[in-house]
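Let's take a walk through this one together. Have the viewer open and follow along.

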Amino acid sequence: MGAQINIPTILCIGKATQDVFLRDDEFDPHKEGKVLYTHLPLGAKLDIEEAHFTTGGNATNVAVTFARQGLHSRYLWVLGSDDPVSKAVLDELDSESVDTRFVQQRPEVKASFSTILLAMTGERTILNFHGVVPKTKDVLSQEDAFDGVSWVYPTALGDYETLEKVIHEAKKRGSKIMLNPAGSELVDPKRLKAMLHDIDVLCLNKEEMQLLVEGDTLEELVRHGSTYCSVVIVSDGPNGVCASDGKTIVSAGMYEDVPVIDRTGAGDAFASGFLSQWAKGKSLKESIIFASANSTSVVGIIGAKPGILHEHTALHDMPIEEKEI
Ligand SMILES: Nc1ncnc2c1ncn2[C@@H]1O[C@H](COP(=O)(O)OP(=O)(O)OP(=O)(O)O)[C@@H](O)[C@H]1O
Ligand SMILES: [Mg+2]
């Protein structure tokens, strides 16, 4: 008999959105005579070169990385029962083999959506409708969603109370937690810091990490973060990334210098790319290489999901160094 393969289940919790990208040269702020980035003329009817409809929301983006990487990926949230965005999100997650059995649909909830005015250069302006968010007690009423879960990945939950309750539930069940906080989770760094001892893998960009600990360089930030969490990863866009698992420190540069078409979802692809490998038992270095490859692929295509890598995609080398702590 062959060895039993135990595929980890990852539970992703948080808001979903639809992103509508309107892409046109007119949104380029550096080109003379382009007016749409400064004002939309009243009463005008304007043609747009390209329109792309994709779904987003950090938790749904990361759920797709886990599913495409062959893990059991589960999504927990409350969506609307009537709005077209909620339907689009559910359809997309179903088609990606993300387990949506625990998603409730309620008539009073409306998923958020964003209209993104995108220049050909990748620069953008976002018009965001926040939607009507569900109540904490409704999100967490599906306790069975936590059954058999190895990792919980909460993000963009909308408030600290929900995050604290999710962390509590995960700990109670013995699940590990990865945290890559989104905007609403960063408004009160003190409150966030109080939760860090319960986090197994913390992933932040440089500016965000500087809200929590002292440090000028990525390595200093990672070392200081390591006093709270066993794995800490700090990214700095095209300038590279530093990570530690308490035994070694890995510093990496850019995976590939690609033209950035749309950087929506870069952070999600990076963080989920890391966990998709780490949860399978890959090394810190291997997990960082895949995270970098996944995010590089995502920034080369419009939308947060289309560029997410599938299992068995061939990777190439990148500038990366590993040293003992
Ligand atoms: N301009 C770029 N060129 C190539 N890769 C990039 C670029 N920007 C981001 N990436 C990739 O995406 C990863 C995460 O980006 P970044 O450090 O900007 O995270 P973030 O600020 O959390 O992103 P987000 O705004 O999506 O949350 C980087 O480590 C890198 O691999
Ligand atoms: Mg981010």
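**Starting from a helix pair**

Helix α8 (residues 266-278) packs against α9 with the axes 7 Å apart and at an angle of about 145°. The handedness of the α8 and α9 crossing is right-handed. Keep in mind that this is a predicted model.

Who does the touching here? On the α8 side, the contact is made by A266, A269, F270, S272, G273, F274, S276, Q277 and W278. From α9 come L284, S287, I288, F290, A291, S292, N294, S295, V298 and V299. Sort the α8 and α9 contact by class and you get 11 nonpolar residues, eight polar ones and no charged ones.

N294 deserves a stop. This residue sits in helix α9, and because its relative accessibility is 0%, under the 20% cut-off, N294 counts as buried. Leaving out residues up to four places away in sequence, N294 touches T65, A269, S272, G273, G307, I308 and L309.

Now zoom out to the core. The largest nonpolar core has 87 residues, and those with the most contacts inside it are I10, I13, Y75, L79, I233 and I288. Helix α9 (residues 284-299) gives the most to this core, with seven residues. I288 is also part of the α9 side of the contact with α8.

Setting aside neighbours within four places in sequence, Y75 is in contact with C12, G14, K15, A16, A59, T60, L93, V98, D99, T100, F102 and V103.

On to the rings. The count comes to three aromatic pairs. One of them is F113 with F129: the ring centres are 6.0 Å apart and the planes meet at 55°, so the pair is tilted. F113 belongs to strand β7 (residues 112-118) and F129 to strand β8 (residues 124-129), so this pair ties together parts that are 16 residues apart in sequence. F113 is partly exposed, with a relative accessible area of 32%, and F129 also counts as partly exposed, at 39% relative accessibility.

Last, a look at some backbone angles. S97 has a positive phi of about 65° although it is not a glycine; S97 is in the loop between α2 (84-95) and β6 (104-106). A156, not a glycine either, has a positive phi of about 55°, and is found in the loop between β9 (151-154) and α4 (160-173). Which is buried and which is exposed? S97 counts as exposed at 59% relative accessibility, whereas A156 is buried, with a relative accessible area of 10%.

Definitions and conventions: Residues numbered from 1 in each chain as written. Chains lettered and ligands numbered in written order. Predicted model: local features only at pLDDT ≥ 70, side-chain atom pairs only at ≥ 80, totals over all residues. Heavy atoms only, no water. Core = buried A, V, L, I, M, F, W, Y, C linked by side-chain atoms within 4.5 Å. Buried < 20%, exposed > 50% of the residue type's maximum accessible area, 1.4 Å probe, protein only. Helix = DSSP H or I, 4+ residues; strand = E, 2+ residues; numbered from the N terminus. Contact = heavy atoms within 4.5 Å. Axes fitted to C-alpha atoms, helices over the stretch in contact; angles between N-to-C directions. Left-handed = near helix turned anticlockwise from the far one by under 90°. Nonpolar A, V, L, I, M, F, W, Y, C, P; charged D, E, K, R; others polar. Phe/Tyr/Trp six-rings, centres within 6.5 Å; stacked < 30°, edge-to-face > 60°.
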